[in-house]
Amino acid sequence: MKFSVPIFDVKNLNFRVGDQEILKDISFQIFNGEYVAIIGPNGGGKTTLVRMLLGLSKPTSAEIRIYGKKLSRFKEWSKIGYVPQRASHVDANFPATVEDIVEMGRVSKRAFFSTLSKEDKAIVHDAMLTMDVVDLKDKMIGTLSGGQRQRVMIARALASKPEILILDEPNTGVDMASQKRFYSLLSKLNKEENITIVFITHDVGVIADDIGRLFTINQKATICNNPKEALSCEEMSELYGIEAHLIHNHKHEH
Amino acid sequence: MIEMLSYDFMQRAFLAGIIIAILASVSGTFVVLRRYSMITETLAHSALVGVAVGLVAGYNPLWMAVVLALVAAWLIEYLRSYFSLYSDAVLSILLSGSLAVAVVIVSLGGAFNNSLFSYLFGSILSVSTEDIYTIVIFGTVSLALLLLFSKELFFIAYDEEVAQTSGVKVKLLNFLLVSVVAIIIALSIRVVGSLLIGALMVIPTVAALQYRVGFLPTVLTSLSFAIASVILGMSLSFYFSLPSGATIVLCVITIFIASLVITKR
Ligand SMILES: Nc1ncnc2c1ncn2[C@@H]1O[C@H](COP(=O)(O)OP(=O)(O)O)[C@@H](O)[C@H]1O
Ligand SMILES: [Mg+2]
């Protein structure tokens, strides 16, 4: 894996608004097959960073490459499954069943026709099965609980058969019992389906054992190749203070 | 009903009306879900500028309405994306601006008469064979585009950013949607009138949303409400000599209120 092209390659990302530095000098790479957690306090810039990786907002300066291509040139978006932070806040009246939503995952994949093929339907069903929402498929999205919606959103992302899944605070609004199940599901996706996972959270407590690397973001980014070490590290507490410290920044190797 | 349909002008009016009901309700679903209902009012007033130009300069008012509505739609999108203005403010400015321009043109041209009245409130008497051709041609193209991209438009309505990061061409499709909406609004001003078309685009969908069903059933419900309102409204217009736009809108509002009451239980 050492010589493979990183999925994300970010160099010197800076974001300033007026004289406020929101993200400062951030560089990192994410490789195929990794399970990365990005943690940091609320307002630390995690969501902002991810939106920049996906071209949804513009940094002040940065060099961002996806699969080796410049962000502006990148076309294969269906390789990326993104579940934004506010994903589970849907309008209660939105006229979509769970199945309608998960089918959206096939939209950019299908040919120029309005109907989905048998194969598309099968993939949609599989994604719902994986996220355990098959029983809900005819329910209106607005009537589901937060945790159920979150699973539907991920099923939608999975339906596009992504190579990488980016989840921004997927654990909010999900009760503890289902969280455990959720984490084992994520590591299963990572190990068995070889889906690269980027898990963003403000909650240090949820960092699962399976996580390969940990990025901490609070204006600055620090990269830690051994998450267990990071959690026991005193400097971790300072992350939630004013400034982040460098814990580890080894070159990434497998 | 049979007697009514023995008149050529009523056949034309029904044909035009039903086509417009289909177009307005299908495109209206996306407009409502994008929370962009106000654009229908603005584009209707821009179409009126086209009508004014057509009436005064002697061009086909319907064609001119299509052109002006399209120009306005593109201007709105341009202003919204390049100047990051509040979109409701942009719509509001363009609405009054268009109306002012239309009134000035019509007054200067001395065309402030009944024919303008029929473009404001709709008239079943005024649909010509030429209008039918225009409506059928533009209407077919618009509907085909909407159906072709309905899944994408639905995805964008649900979550624009997720759609974009899934590879959906959001900018292009937004542009397509406002263009199609502009054309449909311009086409409708014969039958429904520019002051009332917004209602036919928005209310059937809002009524259909009350039933809380999936996407396709919502579109079909909205479609049936729109067609029912047009048929009922035009019949009332025929028997009581009322402007068709007004009777159509009253029918659709009745359906909306009934839907609210039925679904509240
Ligand atoms: N375009 C912007 N203009 C001003 N402030 C911004 C902008 N984008 C992000 N911010 C600020 O950056 C900070 C980081 O926010 P966010 O990325 O949502 O943090 P997190 O996801 O880690 O909780 C917040 O204080 C937010 O107000
Ligand atoms: Mg966030």
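Against which helices do the buried residues of α3(A) pack? In this predicted model, local features need a pLDDT of at least 70 and side-chain atom pairs count only at pLDDT 80 or more, whereas totals for chains, interfaces and linings use all residues. Residues are numbered from 1 along each chain as its sequence is written, chains are lettered from A and ligands numbered from 1 in the order in which they are written, and side-chain values use heavy atoms, with hydrogens and water left out.

The predictor assigns the complex an ipTM of 0.86 and a pTM of 0.89. For chain B the average pLDDT (the predictor's confidence in each residue, from 0 to 100) is 91, and 98% of the residues score at least 70.

Helices and strands are DSSP runs numbered from the N terminus (helices H or I, at least four residues; strands E, at least two). Helix α3 of chain A comprises 13 residues, 118–130, and reaches 18 Å from its first C-alpha to its last, close to the 18 Å expected at 1.5 Å a residue; the expected span is 1.5 Å times one less than the number of residues. Within α3(A), the residues Asp120(A), Ile123(A), Val124(A), Ala127(A) and Met128(A) are buried. These residues lie on the same side of α3(A), because they cover an arc of only 140° around the axis, the arc being that of the directions from the helix axis to the C-beta atoms. Lys118(A), Glu119(A) and Leu129(A), on the other side of α3(A), are exposed. Buried denotes under 20% relative accessible area, exposed over 50%, and partly exposed in between (1.4 Å probe, protein chains only). The buried residues of α3(A) pack against α2 (98–103) and α4 (146–159) of chain A, contact meaning heavy atoms within 4.5 Å. Asp132(A), which follows α3(A), has a positive phi, near 60°.

The magnesium ion (ligand 2) is coordinated at 2.0 to 2.2 Å by OG1 of Thr47(A) and OE1 of Gln85(A). This pair links distant parts of the chain, 38 residues apart: Thr47(A) belongs to helix α1 (residues 46–53), and Gln85(A) to the loop between β6 (80–83) and α2 of chain A. Donors are N, O and S atoms within 2.8 Å of the metal (3.2 Å for Na, K and Ca); water is not among the atoms, so sites may look incomplete. Thr47(A) is partly exposed, at 23% relative accessibility, and Gln85(A) is likewise partly exposed, at 32%.

In chain B, Ser123(B) occupies the loop between α6 (114–121) and α7 (129–148). Its relative accessibility is 14%, so Ser123(B) counts as buried. Beyond its neighbours within four places in sequence, Ser123(B) is in contact with Ser118(B), Arg190(B), Val191(B) and Ser244(B).
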